[in-house]
Amino acid sequence: MFSDRQPRKFLEPAVLSRLAGVPLLARRPMVGSVSGRHSSPHRGSSVEFAEYRKYVPGDDLRRLDWRAFGRSDRFYVKEYEADTNLRLCLVLDTSGSMAYGSTKAGGAAVHQPLAKIDYARRICGTLGYLAGQQGDAVGIACAAAGVVRTLPPRRSPAHLRLVFDVLEEAKPQGTTGLCQVLHELAETTRQRALVVIVSDLFIDPDGLIGAFGHLKFRRHDVAVFHLFDPQETAFAFQRPTRFLDLEGGGAIFADPIEIADRYQRALAAYLERLRQLVLESGIDYQRVLTDEPYEQVLARFLVGRAMARGLR
Amino acid sequence: MTFLQPWMLAALPLVGLPLIIHLINQRRYQTVPWGGMMFLRAARALSSGYSRLRHWLIMLLRMLAVAAVILAIGRPLSRGWLALAGGARPDTAVVVLDRSPSMQARAAATPETKLATGCGQLAASLATLAPQRCLLVAADDTLVEIPPATLADAAATAPLAASADIPAMLRAAYDHIREHAAGTAEIWICSDCRSNDWSLEAGGWAGLRDAFAKVPQQVRFQLIAFDEPPAGNLAVRLTATRLETRGDERELLVNIVVTRPEGAGRATVPITFEIGGATTSLDLELAGHETVLANHSLPLGRGAEPRGWGRVSIPADTCQADNEFYFVYGEPPPRVSLVVAEEAATGHVLELAASIPPSKELSARADRPSREGLATAAWDEAAVLAWQGPLPSGRDAELVERFVSRGGQAIFFPPEAADATVFAGLAWGDWTTHPQPVHPEQWRSDEDLLANTLSGGALPVGELEVRRSCRLTGEHVPLAALPDGVPLVARVPDGRGIFFCATLPRPGDSTLASEGIVLYALLQRALERGLEPLAAARQEAAGPTAVALLAPGAGLRWERLVGPPEAVSTVAGLQAGVYAAAGRLVAVNRSAVEDAAGSAPPERIDALFRGLAYMRVEGLAGRGDSLVQEIWRAFLIAMLLALVGEGLLSLPRRRSSSPATVLEAAA
């Protein structure tokens with residue numbers, strides 16, 4: 001599908017090949033323009049029976065179930081599931097904080113933490129590739145102090161290359177504009193879509209409530225990959241440190257030994273609020289430490305969705 | 001606070017070392033680009049007051065630890081309350097030790113006396129303080145160097161029977177400090193603050209205080225006051241002895257006084273008399289503060305010696321020094337008087353007054369040598385000289401001076417005509433004739449020749465009529481004065497027995513003769529005083545007079561016949577006991593004021609040192625802890641505690657939630 005002349009750093013063929021066997025499925029019906037592997041809110045002509053419905057004038061007489069008429073002396077129309085394609089909207093947080101990536105002593109370790117932006121590129125790129133492979137439309141929006149760049153979902157391989165170009169060129173800088181991007185996305189994307197947000201969510205959870213609610217109101221399927229660098233949770237500094245804000249907010253001088261406990265408490269409070277938000281909004285939430293292989297994260301994500309679809 | 005190595009305190013600025021290290025450490029920070037600033041800001045907002053307090057507590061404990069090490073190396077001394085006086089180790093320490101009998105009192109539960117306790121405390125304290133020189137004010141008010149460690153057992157600190165003269169001892173210390181001592185000096189006074197030892201009313205205190213205030217050296221006073229009165233202490237004293245002879249039988253009549261604290265109930269105390277190895281005792285019922293046993297008869301037996309000594313004692317109590325009293329007895333010497341008068345009538349009156357003994361058992365004689373025959377008069381036998389006429393001069397003056405110096409008493413009456421001769425610093429002036437007879441308005445009724453009688457009655461001095469009086473010039477101490485302040489009876493201020501009477505017993509001059517009680521008492525009392533040095537047996541209070549009396553010289557070598565075993569002083573007149581030399585006996589005992597005086601109020605004592613560096617410590621017999629102790633161990637312990645506290649506060653606090661727990665809890 002892609003030319004070898006354009007190798008992408010964030011795409012690993014081995015990972016792609018291993019994940020290709022697991023479909024990327026939406027958790028709710030999609031409204032697509034072509035037939036695909038995703039369920040549609042409309043009744044169609046697939047082999048998957050959906051339900052009986054009373055006949056109303058105007059219905060195609062060929063879809064009447066005569067056997068049901070013979071048993072009940074009433075007219076019923078037999079309906080089947082319609083399969084359609086998926087619109088995948090990737091939302092990449094490109095705020096300055098996404099540039100953070102700790103390095104561990106002995107950098108030759110197997111799972112050296114990546115910078116969050118690189119980790120996010122891999123997730124977005126892989127998901128985009130998988131969606132393109134199964135004929136879904138892929139778009140992308142980069143969020144950093146407003147929408148930096150947006151590509152609406154398209155099904156063409158050429159468009160997918162553009163998406164990869166955007167991923168490749170994305171540079172973390174400035175403050176985050178994730179909430180604003182999500183609101184704009186909810187407004188501009190009329191048809192149902194799978195919105196995958198890859199971000200460290202270093203924003204006030206109260207701001208996210210409105211954004212997620214807006215997306216849910218538009219019947220979008222929302223999935224969030226919440227990225228954490230291991231150092232951001234461990235806060236394992238020893239010496240007095242001057243912390244420079246990657247989003248340009250100035251510096252803070254602190255003795256990590258003194259402040260670590262309170263940092264942990266602040267982090268726990270933030271995560272607790274976020275957990276409440278996830279439960280209330282029903283979004284697909286994945287918390288990811290960047291020292292975890294992204295393949296593993298994506299496999300968990302895809303399998304979870306496939307299993308949810310199977311149960312339904 | 002005092003330090004044995006105060007130069008170590010120069011290192012005290014190192015206390016700031018932890019602060020400097022902290023500041024340097026703060027400069028050695030790392031810079032890290034960071035994304036999760038929202039959590040850092042929230043953490044800083046969560047910064048509690050305790051956290052800041054803990055931070056400063058750690059810093060404070062580190063500084064305290066450094067300070068404690070420095071102070072411990074400086075070898076700090078604990079001086080209890082004395083620490084407030086401050087100052088470093090003194091160059092000279094002068095010990096003023098009250099060794100009076102009252103300092104031999106002890107607390108009920110301990111055998112150690114106040115003196116022994118004080119000496120022990122002084123020895124321990126000064127051994128710790130280690131001044132360059134340690135001096136003790138000896139009994140003769142000289143300063144002797146003494147190693148501090150030997151203060152507790154040196155003969156120089158042994159108890160005495162004499163009262164202490166604290167002002168004189170301080171004066172001696174002052175003289176030494178002014179002349180010899182360089183640098184700081186500390187005067188350690190150990191006393192039970194009895195008013196008689198401190199002579200609170202003496203006029204010299206103000207001068208002494210001013211002198212110390214002006215001395216260029218820094219002088220500090222430390223008073224160890226053992227002013228707690230001994231509980232239930234009894235004191236026995238013999239006030240009079242009289243030898244009675246009936247045929248060849250002799251008996252001794254004694255007057256005994258037993259003194260005890262006010263407010264005690266009735267009790268009985270056994271009193272033991274010891275005379276010539278024979279012991280008798282009686283039970284005396286005590287009532288009130290003072291119980292007198294008068295004219296108690298002690299039979300001496302047939303053919304007993306008319307001279308001897310004895311001892312009266314009571315059982316041991318809280319002060320051993322006043323539980324026994326030595327006495328001597330003997331036949332009184334003949335009462336010989338010399339009357340020298342230029343005017344015959346006056347001489348006759350004086351001769352009569354001097355030759356009539358107060359009791360018929362006594363014999364008295366008054367010689368009237370002429371002025372030309374004075375050299376051959378019975379000077380060695382005479383006890384009193386009554387002189388009317390121009391004051392003696394030349395060889396006569398020498399004779400009189402020698403007479404007075406050996407204890408004789410001289411009373412001078414004015415001459416008919418004015419005379420410019422000066423004797424003992426005094427001279428007669430002009431006569432004054434009073435238009436109306438005048439009466440003496442004031443006289444010394446508490447002591448000296450015109451004092452009240454033993455029964456307390458006053459002499460009728462005020463009833464005397466004086467028509468003529470002779471002016472007396474020179475420094476004198478008036479014993480009786482006329483209304484215009486003219487002295488009627490006066491004495492020389494140096495304490496010798498030289499008296500002046502400013503009128504004559506003639507009817508035209510005064511009623512001294514017609515109302516002869518005053519003149520008679522005057523002469524007889526002077527006679528009694530003059531007889532004391534002549535008596536074969538004599539009672540004397542321990543002190544300077546006894547020291548002078550028993551001093552080697554004049555061919556006499558005094559030997560102590562009996563005395564308390566603990567008396568080790570070589571100065572005879574300061575130790576109780578019986579001394580004998582050339583057939584004469586002298587009994588030396590504590591003075592009467594030792595039994596009567598109480599402790600002076602602390603504020604009175606403190607007032608004596610007003611304006612000086614002075615600190616008072618209450619002592620307690622038997623509690624001989626050193627007043628000065630090295631306390632570097634306490635500082636090391638403080639340092640350890642500070643380090644332990646610092647370590648505990650510096651321990652990384654257990655995180656309320658580990659990173660994994662945080663993520664799992666929020667998952």
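This is a predicted model: local features need pLDDT of at least 70, side-chain atom pairs count only at pLDDT 80 or more; totals for chains, interfaces and linings use all residues.
Biologist: Hello! Which strand of chain B is joined to E8(A), and by how many bridges?

Modeller: E8(A) and its partner run parallel. Within this pair, Arg242(A) stands opposite Thr31(B). The partner is strand E2 of chain B, residues 30-34, and the bridges number five.

Biologist: Which element gives the most to the side of chain A that touches chain B?

Modeller: Let's start with the whole contact, where 37 residues of chain A meet 31 residues of chain B. Helix H7 (230-234), strand E8 (241-245), strand E9 (251-254) and helix H8 (256-281) of chain A each supply at least two residues to that side. With 17 residues, the top contributor is H8(A).

Biologist: And how many residues on that side of chain A are nonpolar, polar or charged?

Modeller: Good thing to ask about this surface, the side of chain A that touches chain B.

Biologist: Turning to chain B, which are the edge strands of the four-stranded open sheet?

Modeller: The sheet has the order E12-E11-E14-E15 (chain B), with antiparallel pairing. An edge strand pairs on one side only, and that picks out strand E12 (278-286) and strand E15 (324-330) of chain B.

Biologist: Which residue stands opposite Ile275(B)?

Modeller: Look at strand E11 (residues 267-275) of chain B, which pairs with strand E14 (residues 307-313) of chain B in the antiparallel sense over four bridges. The residue facing Ile275(B) belongs to E14(B), and it is Gly310(B).

Key:
Residues are numbered from 1 along each chain as its sequence is written. Chains are lettered from A and ligands numbered from 1 in the order in which they are written. Two residues are in contact if their C-beta atoms, placed from the backbone, lie within 7 Å. Ala, Val, Leu, Ile, Met, Phe, Trp, Tyr, Cys and Pro count as nonpolar, Asp, Glu, Lys and Arg as charged, and the others, Gly among them, as polar. Two strands pair if DSSP finds at least two bridges between them.
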